[in-house]
Amino acid sequence: MAYRKVYFRIRTEGYASGWSSDADKAAFKEESRRLFQELGWALTLGRNGGCDTVAKDRQDLYLHPNSFSGVLDEDNVQPLREQLSKAHAFRCYHADLYEEYQDLDDEGYRAELEARRDEITGYILEKCRTKRSNLYVVAPVAEYAAEKFEVRRLCDKDRHNKIGHQFVSELMDELLQKGWLVSAKTSQGEGIRTATDKERGVRQPVTQVDGQITMEGQPGPPEKAPKRKKRSSPACRRCSGWLGAFFVLRSAHIGAHAASVCGSLAVLVIAFIWLSDYTYCVSAPALLCSSAWDRYAWNPSEPGDISLIMSCRRKARASPSTRKMNQSQPG
């Protein structure tokens, strides 16, 4: 025998959002009372403008002009609908069946909730989980859990669910004592949250990394820094050497040409000196660039590199043309 929440949809003459006349109201009440009393239902008159109610065995109905609703034996739905179709003051045009009601006493209800303890615990922990440990849930989680796992019973048709609320409250108190839940006072009132794995002292599964046993969630062994590869000797040094040789040969060529034209040894000496300064002026930036690069990439196996670079730098700085060039640059 299954009991369901049932709504008999009623269309009553003279009633929309209210009664159009007292005569229509009286006709509806007289016929509905007579019909159910003939079927053996006990009548309870409505008070203070309320509607009548009828009951039979463990079934009951609330007689509203728009619907007759209540908990009814599923096997009696169709026969009762056929009986209501004989009425004249109202007409039943449909019947809707909703949630099921069980015949459970308090002990049986508590035993059923106990069988779902793990499921209810998981729901509570999930509802109380927060992103950070300084955040708390102030919503009535116990009421949500009691409503979700409620079993509708014939002895509690008004759904006070006293046993369900009591069970959930005891379960949450137990989780607080075990340390699975953490409570604190907040600006919104008493708050609660799910404890972190660290607070609960949960050991994570063991994993092996590079031959070492570590716990998941704990920092593993530090990664080894990659070895820095030695840089090969840059081509800039060779280019600067070739550039210097080119300017020296160019200086000699221009000096020879000046000697043949002027026919004077003094002119040749002056041209050679002038072109030597010109060579240092042009090649000095290349030497400085080479030395700046070699400062980071010189090969330790060639100790002569550093002395060579420093000597070239001193020559470049000592050159008059270099000083002129440095003075002419802004800043």
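The side chains of Glu114 and Arg117 meet in a salt bridge, 2.7 Å from N to O. A salt bridge here is a side-chain nitrogen of Lys or Arg within 4 Å of a carboxyl oxygen of Asp or Glu. This is a predicted model: local features need pLDDT of at least 70, side-chain atom pairs count only at pLDDT 80 or more, and totals for chains, interfaces and linings use all residues. Residues are numbered from 1 along each chain as its sequence is written, and side-chain values use heavy atoms, with hydrogens and water left out.

## Salt bridges

The count comes to 17 salt bridges. Side chains of opposite charge can pair when their charged atoms come close.

| Pair | N to O distance |
|---|---|
| Glu114 and Arg117 | 2.7 Å |
| Glu174 and Lys178 | 3.2 Å |
| Arg34 and Glu38 | 3.2 Å |

Glu114, Arg117, Glu174 and Lys178 are linked in a network of salt bridges. Accessibility is given as relative accessible area: buried means under 20%, exposed over 50%, partly exposed in between (1.4 Å probe, protein chains only). Glu114 is partly exposed at 38%. Arg117 is also partly exposed, at 23%. Glu174 is partly exposed at 30%, whereas Lys178 is exposed at 53%.

Glu174 and Lys178 both belong to helix α6 and sit four residues apart, about one turn of the helix. Helices (H or I, at least four residues) and strands (E, at least two) are DSSP runs, numbered from the N terminus. Arg34 and Glu38 are also four residues apart, in helix α1 (residues 22-38), so about one helical turn separates them. Arg34 is partly exposed at 36%; Glu38 is exposed at 55%.

## Nonpolar cores

A nonpolar core is a set of buried Ala, Val, Leu, Ile, Met, Phe, Trp, Tyr and Cys residues joined through side-chain atoms within 4.5 Å. The largest one has 22 residues, and Ile120, Ile124, Met172 and Leu181 touch the most other members. At least two residues come from each of α3 (106-115), α4 (117-127), α5 (141-148) and α6 (162-178). Helix α6 gives the largest share, six residues.

Take Ile124. Contact means heavy atoms within 4.5 Å. Beyond its neighbours within four places in sequence, Ile124 is in contact with Val141, Ala145, Val168, Leu171, Met172, Leu175 and Leu181. Apart from this core lies another, of 20 residues, including Phe8, Ile10, Val77 and Leu80. In soluble globular proteins, nonpolar side chains tend to be buried together.

## The loop between α5 and α6

Asn161 lies in the loop between α5 and α6. Asn161 is buried, at 3% relative accessibility. Its side chain makes a polar contact with the side chain of Tyr109 at 2.7 Å. A polar contact is a pair of N or O atoms within 3.5 Å; within protein, one must be able to donate a hydrogen and the other to accept it, and residues adjacent in sequence count only if both atoms are side-chain atoms. A polar atom of the Asn161 side chain also lies 3.3 Å from the backbone nitrogen of Gly164. Leaving aside neighbours within four places in sequence, Asn161 is in contact with Tyr109, Ala146, Glu150 and Asp156.

Arg159 lies in the loop between α5 and α6. Its phi is near 60°, a positive value in a residue other than glycine. Arg159 is partly exposed, at 33%.

## Another positive phi

Asn48 is not a glycine, yet has a positive phi of about 55°. Asn48 is placed in the loop between β2 (42-44) and β3 (52-56), and is exposed at 84%. Most residues other than glycine have a negative phi.
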